[in-house]
Amino acid sequence: MLNPLSKETAVMRASLLYGGLESIAYNQNRKRKSLKFYEFGKTYIKPAKEDYNETRGLAIWLTGDDQPESWQQDLEATDFFGLKETIESILIRLGIVKYKVQACDDVRFTSAMELVRGKNQLVVFGELNHKELEKLGVKEAVFYAEFNWDLVLKYLGHQPIQYLSLIHI
């Protein structure tokens, strides 16, 4: 970019991943272990012989313990299935229930899955590999999901609006 506001904004990002990992590293260095972050943002990809494509996305990062410690339940670490549950609850809340879950090869993850509808990837998620975490000094396992928000909006279920009469007491 010709006139960036700061060095962080001098390039157009291709993924939302690293901004969240920086925040996780910052918090872990200050003894905050259990973290749950999300970010809506834009990413830019330049296919061969084409202009840049701007895509809106939603990213989710989970690390540490799933719930705060209490006398009612034991500590449980955040895991792959907790992230999957979060993703599916977002899609159900939006009315998107038709999709297929399948394994995918994404080098950022130790194991990755994707939710697809037709040939379109709605979400990719999994546990990030140690090479990605070491780039920013993250010490704990991180579970990450990246939604293609433009596609999510395209497949939004249209819920009928119900009007209820107001009763004055």
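Start by selecting Leu 83, Ile 87, Val 123, Phe 125 and Phe 147: of the 19 residues in the largest nonpolar core, these touch the most other members. A nonpolar core here is a set of buried Ala, Val, Leu, Ile, Met, Phe, Trp, Tyr and Cys residues joined through side-chain atoms within 4.5 Å. Buried means under 20% relative accessible area, exposed over 50%, and partly exposed in between, with a 1.4 Å probe and protein chains only.

Next, colour the elements that give two or more residues to this core: β2 (53-63), α2 (80-93), β5 (120-128), β6 (142-148) and α4 (149-154). Helix α2 gives the most, with four residues. Helices (H or I, at least four residues) and strands (E, at least two) are DSSP runs, numbered from the N terminus.

A word on the model. It is predicted; local features need pLDDT of at least 70, side-chain atom pairs count only at pLDDT 80 or more, and totals for chains, interfaces and linings use all residues. Residues are numbered from 1 along each chain as its sequence is written, and side-chain values use heavy atoms, with hydrogens and water left out.

Now select Phe 147. Leaving aside neighbours within four places in sequence, Phe 147 is in contact (heavy atoms within 4.5 Å) with Arg 56, Gly 57, Leu 58, Ile 60, Ile 87, Ile 90, Leu 91, Leu 122, Val 123 and Val 152. Then show Ile 24, Ala 59, Cys 104 and Leu 128, which are included in a second, separate core of 17 residues.

Move to helix α1 (residues 17-28) and pick Gln 28. Is Gln 28 buried or exposed? Gln 28 is buried, because its relative accessible area is 10%. Beyond neighbours within four places in sequence, Gln 28 is in contact with Leu 35, Thr 63, Val 138, Lys 139 and Glu 140.

Next, the second largest pocket. Select Thr 43, Ile 45, Thr 55, Glu 146 and Asn 148, the closest to its centre of the 13 residues that line this pocket. The elements that give two or more residues to the lining are β1 (35-45), β2, β5 and β6.

Finally, show the whole chain. Four helices and six strands are there. Follow them along the sequence: the pattern is α-β-β-α-β-β-β-α-β-α. Buried residues make up 33% of the 169 residues. Among contacts between residues at least 6 apart in sequence, 53% join residues at least 24 apart.

Terms used:
On a 1 Å grid over the protein atoms alone, a cavity is a set of points where a 1.4 Å probe fits but cannot get out, and a pocket is an open set with protein on both sides within 12 Å along at least five of seven lines; lining residues have an atom within 4 Å of a point.
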